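Hi there,

Here is the structure I promised to pass on. Have a look at it first, and then read on for what I found.

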Amino acid sequence: MEQTIIRSEPGPKPRRWLVIFDYLFYLLLLLLAVGLIYYLYYYLSTPLVNSLTGKFAMIIWVPILLQKAGITILISLISVVLATVLGFLGALGRISRFAPLRWLTMVYVEVIRGTPILVQLLCWYFGIAQILSLTLNFDPYAALYSLMTALQSNSLVANLDQATFDAFFWGIIGLSFNYGAYLTEVFRAGILSVDKGQNEAALSLGLNARQTMNRIVLPQALRITLPPFTNYFITLVQDSALLSVLGVTELEQEISALAVTQTASNIKLFVYVLGALYYFVICFALSLLARFLEARFARAY
Amino acid sequence: MDLIQLWLPQFLLGALYTLIYCVVSFPLALLLGLVLSFMKGSRFTWLRTPAVIFIEVFRSTPIITQLFLLYYGVGGLLANYNLSQYDNAWAAGIVCLSLNYAAYEAEVFRAGFLSVDRGQTEAAYSLGLSAGQNFFRIVFPQAIPLMAPPFVNDFIYMLKDSAIVSVISGVELTSVLQLATFVNGSDTIPLYLMALVLYLVMSLPISYIARYFEQRLRAAL
């Protein structure tokens, strides 16, 4: 049961008159809700840039931000898949028998975990991408176009903007490498937490190393791995907001673009609060899901 | 490598500003986190609910969104009340880092206080100590070594998260890096390496010391 009260009973007698503030608090919440609806109805119905007049004009921002929130979720899903692959490879490298591979992975993890993700994103997009496009002529959009041409469907990518796609590509690569380093530690802790006796029993039953890892160790490691993994997924959704610095048109970029055109400061604050509400809904839902999965997986077999 | 020699003083100044941001924000975050943990563990709904809302909101939104909200949103609002001398990157960065990390520290404080054995509190009450004396003389001193490793880890995270103030034109190591790469369009790899090395020099020794003390603490428990 979740412990919410720090002091234990028996304690000093509770002061009953302070409990009156509980009822006053509910009244205050009701007044705040009524005041918020009044504020939205009467003071924020100013005309927008495209001359939408009338009450509830702010409502046009809701589907605009919703579409960009979908792009944010898409970026996060792609990044988490790549980060899981990198993290799994990194974990296998960290516990490998070959010392150079162990050292290489340790350097990767320590460097990525010791530097800010913003610096890494800037390094990927403004450093490594420029160098690759200058020396190797590697352009992500051109590579994708030639790949889709080979697959006979380049009309799907014909109207993608090159600069936008480049920012998307390098942003996702940067996010994946960053979270791959954190997930390396998570997967390594999960794999090492499985009892060594399981390994020995599997090997004595005649399974080879690959079968031991796939059928015995990894399913048991999933229980330990899942809570930190869901936490890192939530943090990844929040860190995808940093891609707005690279110019990727996702939720944070759209919030800034909508807010910079507003001159009235209370409408500007409203735009920022509305955008933060989108992130809050996404991450809070994910954290409830994470808590549910954690409780579910904490039950042993 | 005269490029490195040319830019190294400014990079070191940026690193100093990073440390200033963190050293100012982290105690504020600890203080506010302590207050939040008291509020969250209270038996009064009117203290518990705002604390829960604060912690959930600040843990579920990105730090860059909070920073933009404080710098552009609240900063624009300050001009209406003739307080626009507080609308600078220093104030916005420190307030944003403190509020964001207070939400995480509140959870660390709560876990720390709950880890102290209940028997200590019961013994304190049976000896006639009041609730305040029990807390500040019995529970809190025993909880401090349990909470120290997560605090050091959070300080290292704050060293890296302080890079965020560069997007609101705050002077920091990342902003010096952006300026340097903008000035030298072609030869940017030594600058990125210098910034990475400076961040590693700031964060790796602290993390190794923290790991060493965490092992000693685990051996002592």
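**What I found**

From the N terminus on, chain A runs α-α-α-α-α-α-α-α-α-α. That gives 10 helices and zero strands. Please keep in mind that this is a predicted model.

Of the 301 residues in chain A, 30% are buried. A:Leu121 gives you a place to start looking. Setting aside its neighbours within four places in sequence, A:Leu121 is in contact with A:Gly171, A:Gly174, A:Leu242, A:Val245 and A:Leu246.

A:Leu121 also turns up in the largest nonpolar core, which has 105 residues. Together with A:Leu118, A:Tyr272, B:Leu67 and B:Ala195, A:Leu121 is among the residues with the most contacts inside that core. Which helix supplies the largest share of this core? It is α4 of chain B (residues 89–115), with 13 residues.

Now to the two chains together. Here, 45 residues of chain A are in contact with 47 residues of chain B. On the chain A side, at least two residues each come from α1 (20–43), α3 (99–114), α4 (117–135), α8 (209–239), α9 (251–260) and α10 (265–298). The largest share of that side belongs to α10(A), with 13 residues. Sorted by class, the side of chain A that touches chain B has 26 nonpolar, 13 polar and six charged residues.

Note on methods:
Residues are numbered from 1 along each chain as its sequence is written. Chains are lettered from A and ligands numbered from 1 in the order in which they are written. This is a predicted model: local features need pLDDT of at least 70, side-chain atom pairs count only at pLDDT 80 or more; totals for chains, interfaces and linings use all residues. Two residues are in contact if their C-beta atoms, placed from the backbone, lie within 7 Å. Helices (H or I, at least four residues) and strands (E, at least two) are DSSP runs, numbered from the N terminus. Ala, Val, Leu, Ile, Met, Phe, Trp, Tyr, Cys and Pro count as nonpolar, Asp, Glu, Lys and Arg as charged, and the others, Gly among them, as polar. A residue is buried if 20 or more other C-beta atoms lie within 10 Å of its own, exposed if 12 or fewer, and partly exposed in between; C-beta atoms are placed from the backbone. A nonpolar core is a set of buried Ala, Val, Leu, Ile, Met, Phe, Trp, Tyr and Cys residues joined through C-beta atoms within 7 Å.
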